[in-house]
Amino acid sequence: MTKDTALNILALHGPNLNLLGTREPEIYGAVPLAAIDAQLASLAKTLGASLQCRQSNHEGELVEWIQNAQATFDGIVINPAAYTHTSLAIADALRAVKLPCIEVHLSNIFARETQRHQSLIAPHVIGCIAGFGANSYALGLRALIEHLNAS
């Protein structure tokens, strides 16, 4: 992409994130996913980028979106949710498409249960932002756009 062309970013939300706002708000916060998507879209526009947000509870659908992203998007912001710790398929898809990607998490996964401390996704992204609630997404989007603009 040239600097004159608006960046096109894909934001992917993994399983159970459709329940944000009501699901364990003491861990994930009270902000619903629709509000996070609206805030991200507004921030993307401010930063001169376009954004598409998608959520799925299905690993295969997330994998297909990642695979297809190469043709349309410049980068990905992803919260793989529980798939962070279990999905070789998502990790392999990210490695295969070679798009710049930022991994985000609402909670600090490293301060939670031991099984949440390992990310299978982390080796295939340019960075990981965790523990800032809904703001993790905004921080991730900013970092990705700065990275793409510097490339």
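## Packing of helices α3 and α4

Helix α3 (residues 59-69) packs against helix α4 (residues 88-97) at an angle of about 5 degrees, and their axes lie 9 Å apart. The pair is therefore roughly parallel, a term that covers angles under 35 degrees, whereas angles over 145 count as roughly antiparallel, 65 to 115 as roughly perpendicular and the rest as oblique. On the side of α3, the contact is made by Glu59, Leu62, Val63, Ile66 and Gln67, and on the side of α4 by Ala89, Ile90, Ala93, Leu94 and Val97. Contact here means heavy atoms within 4.5 Å. Axes are lines fitted to C-alpha atoms, for helices over the stretch in contact, and angles run from 0 to 180 degrees between N-to-C directions. Helices (H or I, at least four residues) and strands (E, at least two) are DSSP runs, numbered from the N terminus.

## Basis of the model

This is a predicted model, in which local features need pLDDT of at least 70 and side-chain atom pairs count only at pLDDT 80 or more, while totals for chains, interfaces and linings use all residues. Residues are numbered from 1 along each chain as its sequence is written, and side-chain values use heavy atoms, with hydrogens and water left out.

## The parallel sheet

Five strands form an open sheet in the order β2-β1-β3-β4-β5, with parallel pairing. Strands β2 and β5 stand at the edges with a single partner strand each, so one side of each is left without a neighbour in the sheet. On average, neighbouring strands of this sheet are turned by 20 degrees against each other, direction ignored. Two strands are taken to pair if DSSP finds at least two bridges between them.

Strand β3 is joined to β1 by five bridges and to β4 by three bridges; both pairs run parallel. Towards β4, isoleucine 76 stands opposite cysteine 101.

## Strand β3 and asparagine 79

Five of the five residues of β3 are buried, so this strand is largely enclosed by the rest of the structure. Buried means under 20% relative accessible area, exposed over 50%, and partly exposed in between (1.4 Å probe, protein chains only). In a regular strand the side chains alternate between the two faces of the sheet. In β3, Gly75, Val77 and Asn79 point one way, and Ile76 and Ile78 point the other way.

Asparagine 79, a residue of β3, has a relative accessible area of 3% and is therefore buried. A polar atom of the asparagine 79 side chain lies 2.9 Å from the backbone nitrogen of alanine 81. Leaving aside residues up to four places away in sequence, asparagine 79 touches Leu12, His13, Gly14, Leu17, Val104, His105, Leu106 and Tyr137.

## Helix α5 and its surroundings

Helix α5 (residues 135-150) has 16 residues and reaches 23 Å from its first C-alpha to its last, close to the expected 22 Å. That expected span is 1.5 Å times one less than the number of residues. The buried residues of α5 are Ser136, Tyr137, Ala138, Gly140, Leu141, Leu144, Ile145 and Leu148. These buried residues pack against β1 (7-13), α2 (33-46), β2 (49-55), β3 (75-79), β4 (101-105) and β5 (127-130).

Glutamine 39 lies in helix α2 and counts as partly exposed at 48% relative accessibility. Glutamine 39 and alanine 138 are 99 residues apart in sequence, yet 7.9 Å apart in space, C-alpha to C-alpha.

## Loop residues

Serine 56, in the loop between β2 and α3, is buried at 2% relative accessibility. The side chain of serine 56 makes a polar contact of 2.7 Å with the side chain of glutamate 61. A polar contact is a pair of N or O atoms within 3.5 Å; within protein, one must be able to donate a hydrogen and the other to accept it, and residues adjacent in sequence count only if both atoms are side-chain atoms. Not counting residues up to four places away in sequence, serine 56 touches His13, Gly14, Pro15, Glu61, Leu62 and Trp65.

Asparagine 16 is found in the loop between β1 and α1 (25-28) and is partly exposed at 32% relative accessibility. Lysine 98 is found in the loop between α4 and β4 and is exposed, with a relative accessible area of 70%.
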